[in-house]
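Biologist: Hi! Could you open the model and walk me through it?

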Amino acid sequence: MAASMRLLVRRAIRLSHKNITLTAAGAAARSDCCRGSLVCRCFSDEAEDRSTHFGFETVPETEKAKRVYKVFENVAQKYDIMNDAMSLGIHRMWKDTLLHVMHPQPGAQLLDVAGGTGDISFRFLDYIRSQEERQKRRVARSSQTPSWRDISNNYSTQDEPRESRAVVCDINKEMLKVGKQKADSLGVSAGLSWVVGDAEELPFDDDQFDIYTIAFGIRNVTHIDQALQEALRVLKPGGRFMCLEFSKVNNPILSRIYDAYSFQMIPVIGEVIAGDWKSYQYLVESIRKFPNQEEFKGMIEDAGFYCVKYYNLTGGVVALHSGFKL
Amino acid sequence: MWLRIQRLNQWRFVLTSKDCSTSVSAVCVPQLHTSSTEPASSSCDGLYPGHIHTTPIQKALLAVGSGVAALRDPYRHDMVAVLGEATGHFALINLRDKMKNDPEGYTILTERPRIRLSTIDVANMASLPEGSFGREYIRFLDDNHVTPDSRADVKFVDDEELAYVMLRYREVHDLMHTLLGMPTNMLGEVAVKWFEAAQTGLPMCAFGAVLGPLRLNASRLQTLVTSLGPWALRNGLRARFVLNIFYERRWEQSLEDLRQELNIEPPPVILSAANKTST
């Protein structure tokens with residue numbers, strides 16, 4: 001409750017700068033609708049005048065979220081198969097690279113926004129588990145001939161290490177449903193939770209998570225700066241923001257091949273496998289509308305992150321941006 | 001007495017000239033009802049509602065992809081539809097010309113009737129006498145648990161009139177089943193495909209006719225090769241062109257009478273609609 005009230009107050013301050021009056025009754029109603037998970041277009045008058053891009057189309061801002069929701073509702077069942085088909089399996093490498101750069105340690109708390117079918121969270125839990133096993137093995141090996149330090153450590157009371165936790169947050173219930181089914185079939189349940197939430201208004205308190213990831217989701221958000229601010233809010237001091245997203249290919253030859261492949265092949269694959277041309281047309285168009293590596297780095301810095309850097313993967317097809325909250 | 005045909009305003013058609021494929025913004029009509037898969041405010045930049053522009057490369061890729069998908073899962077009707085659209089350009093021109101040269105076919109091209117649950121009076125047709133075409137069609141729909149509304153929309157045909165011809169062919173397919181007395185199991189579908197391949201010359205029909213039998217078990221394959229197949233081919237070649245019949249005005253006509261008019265023999269083997277799961 002406190003979180004939503006704080007959110008409400010922040011929104012009120014932001015909007016009072018824009019000379020919109022909030023009535024008490026309106027605020028009370030909005031506190032109910034801003035609370036929790038659903039997209040809340042409370043302040044519609046202002047937003048309707050502004051327009052944004054939906055792929056190469058221009059749509060009012062209020063409509064973009066709805067249309068994006070529809071796209072992912074349609075593709076959810078075939079999402080993972082399509083990822084493999086479109087990227088020829090390379091998306092697995094990108095996600096593995098994210099985990100390697102992240103290098104999470106046991107006890108870390110992850111928030112995987114736009115986590116949908118849970119790819120990042122599953123990898124996170126696997127990585128933590130292998131780290132824990134490695135530590136146990138190290139301890140077992142060293143306890144054969146304990147050093148003075150180990151013996152003195154054994155005397156001191158060790159507190160229970162915190163369990164690692166991954167929270168998958170997505171605005172789309174269909175995607176979360178598919179993710180949960182995947183988790184059930186893999187037999188993964190410990191340390192994993194599924195939450196419906198909007199990246200622009202996360203249903204979490206401040207300073208909660210060690211790591212915030214958003215993989216191939218931020219370009220679908222209507223207000224990217226708001227999503228970045230929310231990321232800053234929910235991260236603990238010292239927490240890390242990591243974002244995988246399609247970006248600009250600088251090499252001209254590779255860029256030509258990539259464009260031809262994107263616009264000729266991907267909608268066809270979408271039609272054949274998922275029976276949905278238009279959703280995949282939106283996907284390739286939305287990639288072109290997203291800011292390039294340097295611009296996005298600037299946006300992350302503007303939101304208040306430090307030590308922002310990016311890594312180009314596959315020649316710039318995908319960029320991994322990382323920043324810290326200090 | 002003619003039945004009144006209710007025309008859906010979804011297709012407000014303008015008989016464009018042959019160059020209509022070059023005018024992108026020619027026909028841009030707001031849809032009165034939207035299909036469930038498309039967003040309500042989809043950009044109206046095609047020649048007809050649901051039209052998606054494709055380059056020749058994309059058409060080729062679509063043909064290959066949909067062919068493979070349809071082979072792997074023959075119940076993916078949308079893939080069969082896409083295959084037809086991607087490969088059928090020249091055949092569709094031929095069909096359209098055949099329709100234009102026939103008075104009844106020309107009427108169909110002008111009036112553009114649609115066969116959907118909203119345009120056919122199911123209750124009325126079910127009450128028609130036994131043996132009438134309308135009654136048998138309703139019986140076919142019930143026995144096989146199909147509905148005329150499950151036809152995929154035409155998306156990849158780059159001419160508005162040809163798109164209607166394709167749509168008419170798709171909607172008349174169920175009536176073919178009724179005329180030929182074939183159920184919607186694999187054997188029945190292949191038999192109808194042989195008939196349609198001979199009638200229309202669409203590559204997709206030929207594809208289905210040649211590769212469909214691969215999915216039949218031995219006994220059905222034998223039935224196909226010995227009696228059903230030759231019968232379907234023979235009738236396909238000698239029957240009157242099926243797209244030139246205004247079926248909506250013939251619900252009350254007796255089925256036997258219609259078959260004689262079209263020069264179609266009754267089926268040599270009676271297939272039941274019950275066995276749909278096993279091929």
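Modeller: Happy to; we can go through the chains, then a helix, a loop residue and some salt bridges. This is a predicted model, where local features need pLDDT of at least 70, side-chain atom pairs count only at pLDDT 80 or more, and totals for chains, interfaces and linings use all residues. Residues are numbered from 1 along each chain as its sequence is written, chains are lettered from A and ligands numbered from 1 in the order in which they are written, and side-chain values use heavy atoms, with hydrogens and water left out.

Biologist: Thanks! How many helices and strands are in chain A?

Modeller: Chain A has 13 helices and 9 strands. Helices here are DSSP runs of H or I with at least four residues, strands are runs of E with at least two, and both are numbered from the N terminus.

Biologist: And what about chain B?

Modeller: Chain B has 11 helices and 0 strands. Of its 279 residues, 51% count as buried, and for the 326 residues of chain A the figure is 48%. Buried means under 20% relative accessible area, exposed means over 50%, and partly exposed is in between, using a 1.4 Å probe and protein chains only.

Biologist: Switching to α11 of chain A, where does it bend?

Modeller: At A:Met265, by about 35°, and the proline A:Pro267 follows within four residues. The bend is the angle between axes fitted to the seven residues ending at a position and the seven starting there.

Biologist: Which residues of that helix are buried?

Modeller: Among them are A:Ser255, A:Tyr258, A:Ile266 and A:Glu271. Their cover includes α5, β7 and α12 of chain A, together with α1 and α2 of chain B.

Biologist: What about A:Leu254, buried or partly exposed?

Modeller: Partly exposed, because its relative accessibility is 33%. A:Leu254 is in α11 of chain A, which covers residues 252–274. With A:Ile253 and A:Ile257, A:Leu254 forms a nonpolar surface patch of about 300 Å² of accessible area together. Patch members have over 30% relative accessible area and no salt bridge; like charges are joined within 9 Å, and nonpolar side chains (Val, Leu, Ile, Met, Phe, Trp, Tyr) within 5 Å. The areas come from the Shrake-Rupley method with a 1.4 Å probe, and for residues only the protein chains shown count as cover.

Biologist: New topic: where does B:Met182 lie?

Modeller: In the loop between α7 and α8 of chain B. B:Met182 is buried, with a relative accessible area of 1%. Beyond its neighbours within four places in sequence, B:Met182 has contacts (heavy atoms within 4.5 Å) that include B:Phe140, B:Trp231 and B:Leu271. Its C-alpha atom is 8.2 Å from that of B:Ser272, 90 residues apart along the chain.

Biologist: Last one, how many salt bridges are there over all chains?

Modeller: The search finds 39, each one a side-chain nitrogen of Lys or Arg within 4 Å of a carboxyl oxygen of Asp or Glu. One of them joins B:Glu161 and B:Arg96, with the closest N and O atoms 2.8 Å apart. B:Glu161 is in helix α7 and B:Arg96 in helix α3 of chain B, so the pair ties together parts 65 residues apart in sequence.

Biologist: Is that pair buried or exposed?

Modeller: Buried: B:Glu161 has 8% relative accessibility, and B:Arg96 has 6%.
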